[in-house]
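Have a look at the sequence and the structure, then read on.

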Amino acid sequence: MKLYEYQAKEILHKYNINVPKGEAVTDVEGATKIYNQLGTERCVIKSQVLAGGRGKGGGVRIVNTLEEVKDYTSKIIGSHLITSQTGEKGVLVNKVLVAEAIDIKKELYLAISIDRSASKITIISSTEGGTEIEEVSSKTPHKIFKEQINPLLGIRNFQVRQIAINLGLTGPLLTKASSLLKTLFKIFVENDCSLLEINPLVLTPDDEIVALDIKMEIDDNALFRHKDLLEMKDISDTGNVENVATEAGLSYIGLDGNIGCLVNGAGLAMATMDIIKLYGGEPANFLDVGGDAPVERITTAFEIIFTDPHVAGVLVNIFGGIMKCDIVAEGIIHAIEKVDIKVPLVVRLEGTNVEIARKMLNDSKLNIIFADSMKDASEKIIKAVNENK
């Protein structure tokens, strides 16, 4: 689960981490109110979207007057922000963060993540903050430092000191940074984070350390322990299809093609998309219904697929292991009756109760194209979509 910047800052503020004062708003009136409350002429307005590269895409603006606040807010809220991470469609901006502008003496980079290959927490630091860390890694890799933390032992004093030194901090700043690092590590562990990135972490002219921009991701498997974070999830983009899918127990990612995919298992879903592309088609989504999907979830999966107006055909590819094929067949029948599918539908089933499932679908007299293999299924759906244009 990804948090918006303003949500991540709220969490860090609770731990007494120094973050810029500000508040997220959804309209010009709200922006005006917060700007007046800040009591400073110069502030920054930042689009709240789950994508990087906002500054380069025009999603961040420093403003100096109330008129500039009103003008920029009215233009950005309700628009689609296009960045290097959003694709050509962009993402809808529903909220902006209106915050005090901070004077910057130096920009640093700091991130805490999980190194699964080493089974350790890794703290990444660099003196080159404010830029994409991938760019720093490719051009000046010697400026990136990694410190691995044993999760059973926690972060040690010598490690904290070394990270602060790697950031180029000495004297009183080293002491401040050491305290900050221990608190950030505590935040990471207590909130079951998979990523906590601060870029930039800035030094101000009066030698304060401020977390200027924050990216925070929570392990979905641990959300049952964090009711407060689940409430934040309800706040963020409730109309987003991917969030709706998550609530239904589905893994869904929208793509740019026109062939909808409904598959059980992430590996099979990836293979299905690959073979569609191999034979000249374009998948419209990644959709994994899980290993044991009830009828209702399969129906919801179809509904989600058809939220994309570009879908011109659907390929159902199921291997019945834990999930029995006859349950899938029942779900398909129910979905077709409820969703009113008007595009070609190709179904490939293998595994437990496959013969029962095929008989159920045959007896339903529904307009279904059956396939015997993944190759056969991909060829048939591509042909059907092309003929249906």
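A disulfide needs two cysteine sulfur atoms within 2.5 Å. Searching the whole structure turns up 0 disulfides. C325 is also buried, because its relative accessibility is 0%. C43 is another buried cysteine, with a relative accessible area of 0%. Keep in mind that this is a predicted model.

**The chain as a whole**

Let's step back for a moment. The chain has 389 residues, and buried ones make up 47% of them. It holds 13 helices and 19 strands. Taken along the principal axes, the C-alpha atoms fill a box of roughly 75 × 50 × 40 Å. Among contacts with a separation of 6 or more, 67% come from residues 24 or more positions apart.

**A sheet of four strands**

Now for the part of the chain where C43 sits. Which order do the strands of the open sheet follow? There are 4 of them, arranged as β2-β7-β3-β4, and the pairing is antiparallel. At the edges are β2 and β4 (60-63), each pairing on one side only. On average, neighbouring strands of this sheet are turned by 20° against each other, if you ignore direction.

Here is how the neighbours pair up:

| Strand pair | Sense | Bridges |
|---|---|---|
| β2 (residues 22-25) and β7 | antiparallel | 4 bridges |
| β3 (residues 43-47) and β7 | antiparallel | 5 bridges |
| β3 and β4 | antiparallel | 4 bridges |

E23 stands opposite V98 in β7, while S47 has V96 of β7 as its bridge partner. On the β4 side, C43 stands opposite V63.

Helix α1 (residues 5-14) touches β2, β3 and β7, and its direction makes about 45° with that of β7. Helix α3 touches β3, β4 and β7, with a direction about 5° from that of β3.

Is strand β7 largely enclosed or open? Of the 5 residues in β7 (residues 96-100), 4 are buried, so this strand is largely enclosed by the rest of the structure.

**Where two helices cross**

The axes of α2 (residues 28-38) and α3 (residues 66-76) come within 9 Å and cross at roughly 150°. The crossing is right-handed. From α2, the contact is made by V28, A31, T32, Y35 and N36, and from α3 by L66, V69, K70, T73 and S74. What kinds of residues are these? The contact divides into 5 nonpolar, 4 polar and 1 charged.

How many residues of β15 (residues 259-263) are buried? The count is 5 of 5, and the strand is mostly covered.

β15 pairs with strand β17 (residues 313-320) through 5 bridges, and these two run parallel. Within that pairing, V263 stands opposite N317 in β17.

The last stop is L345, which is found in strand β18 (residues 345-351). Is L345 buried or exposed? It counts as buried, because its relative accessibility is 2%, below the 20% cut-off for that label.

What surrounds L345? Leaving aside neighbours within four places in sequence, L345 is in contact with F302, V314, V316, I332, I336, N367, I368 and I369. Take V314 as one of these: L345 and V314 are 31 residues apart in sequence, yet their C-alpha atoms are 4.9 Å apart in space.

How values were computed:
Residues numbered from 1 in each chain as written. Predicted model: local features only at pLDDT ≥ 70, side-chain atom pairs only at ≥ 80, totals over all residues. Heavy atoms only, no water. Axes fitted to C-alpha atoms, helices over the stretch in contact; angles between N-to-C directions. Left-handed = near helix turned anticlockwise from the far one by under 90°. Contact = heavy atoms within 4.5 Å. Nonpolar A, V, L, I, M, F, W, Y, C, P; charged D, E, K, R; others polar. Buried < 20%, exposed > 50% of the residue type's maximum accessible area, 1.4 Å probe, protein only. Pairing = 2+ DSSP bridges.
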